[in-house]
Amino acid sequence: MTHFDDLETRSADARAAAQLTALRAQLDRVAKTPDNCLPPEGIRDLADLARLPVLRKSELTKWQAETPPFGGMHVGTITHVFQSPGPIYEPGGTSHDWWRMGRFVHACGIGRNDIVQNCFGYHLTPAGMIFENGARAVGARILPAGTGQTELQVRAARDIGTTAYAGTPDYLKVILDQADAMGVALKITKAAVSGGALFPSLRAEYADRGITCLQAYATADLGNVAYESPAMEGMIVDEGVIVEIVRPGTGDPVAEGEVGEVVVTTLNPDYPLIRFATGDLSAVMAGQSPCGRTNLRIKGWMGRADQTAKIKGMFVRPEQVADFVARHPEVTAARVIVTRDGEMDAMAVQVQAQGGDEAAWAASVAQVLKLRGAVERVDALPNDGKVIDDQRVYE
């Protein structure tokens, strides 16, 4: 299969030179914004990036509260404003491949002859638009399906002849199982997934059904960060970002192969984020992909540097658990337990309390965490400071 463009196969020197030029331009844009906190020293090479401060989402949230909607940051030509849990606001654009997802969609083998059932959410959050923009970049047609209404999803897939799925890794199984129950044969042979872990057993099940499933690592703030190719050896860093792996809690790069926090600098001139800390863990892989793409590879998502967990495609953060506790005076502590139920994420909430109404707790959990899960009263929780316990196994 041909590559998306020549950028994917350029030499390391050519890539570094182009990224340095783009980085300097980004720093010039940021320098013109109020309260710029980046030091004035010039950037001589990409290694100098490590001298700049790390930007954390908590800072972005604070800035946005003070100067809505984007915290006074440089924002260029955009067409959309999105809201993600936090709340935090992200800009979006409809120009060609604005979030740079086209590269991943192309790597999945999706093109002009495909109809993509886009099951990423379109409501408030940008995931649906992010993927749609990438699918349009390769000329595919899109069914903007969003989430839920699985029977209608199956009927639409059958009626229009959907050939590719886009969405969280486990929702495709829900659609396929529903199709089996309805006695409907679908034509889906390609899947582009993100927003959660793609477990080997689930990928194997899709392969047994004749579906090739590849995953991307993308965020609402940054767009595409890295993606799988058909080689399926790690994730290839996108050409429009600079990725560093740093020691959690610091901005210091770690050695190749060492697990650390993913820090990303985006080269999108409409929304320059410099050294944005994702909170995700990964590691740099040695060598380059057998598929011929020459950019840096990372091992993919390896957990969180903090206790934040992504459950069914939604982030659950420690501050949300604290909000739940604050709503119920009888509750002294709570802990979210994340496991797997078959091929699906499962969430339970353990509540330490004297008295109280478990039904009211369950309603608050759904409201505050934006997810439903079993609620269990316990006499005492371990005194270890942990409020989100992710027990899923990723190997």
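Ring pairs join F82, W98 and W99 into a cluster; rings of Phe, Tyr and Trp (its six-membered ring) pair if their centres lie within 6.5 Å, and planes under 30 degrees apart count as stacked, over 60 as edge-to-face and the rest as tilted. The model is predicted: local features need pLDDT of at least 70, side-chain atom pairs count only at pLDDT 80 or more, and totals for chains, interfaces and linings use all residues. Residues are numbered from 1 along each chain as its sequence is written, and side-chain values use heavy atoms, with hydrogens and water left out.

**Aromatic pairs**

- The structure holds four aromatic pairs.
- One of them is F70 with Y271, a tilted pair at 6.4 Å centre to centre with 55° between the planes.
- F70 sits in the loop between helix 2 and strand 1, and Y271 in the loop between strand 11 and strand 12, so the pair ties together parts 201 residues apart in sequence; helices (H or I, at least four residues) and strands (E, at least two) are DSSP runs, numbered from the N terminus.
- Y271 is buried at a relative accessible area of 2%, where buried means under 20% relative accessible area, exposed over 50% and partly exposed in between (1.4 Å probe, protein chains only).
- F70, at 10% relative accessibility, also counts as buried.

**Strand 18**

- Seven of the ten residues of strand 18 (residues 344-353) are buried, so the strand is largely enclosed by the rest of the structure.
- Strand 17 pairs with strand 18 in the antiparallel sense over ten bridges; pairing requires at least two DSSP bridges between two strands.
- V331 stands opposite A353 in strand 18.
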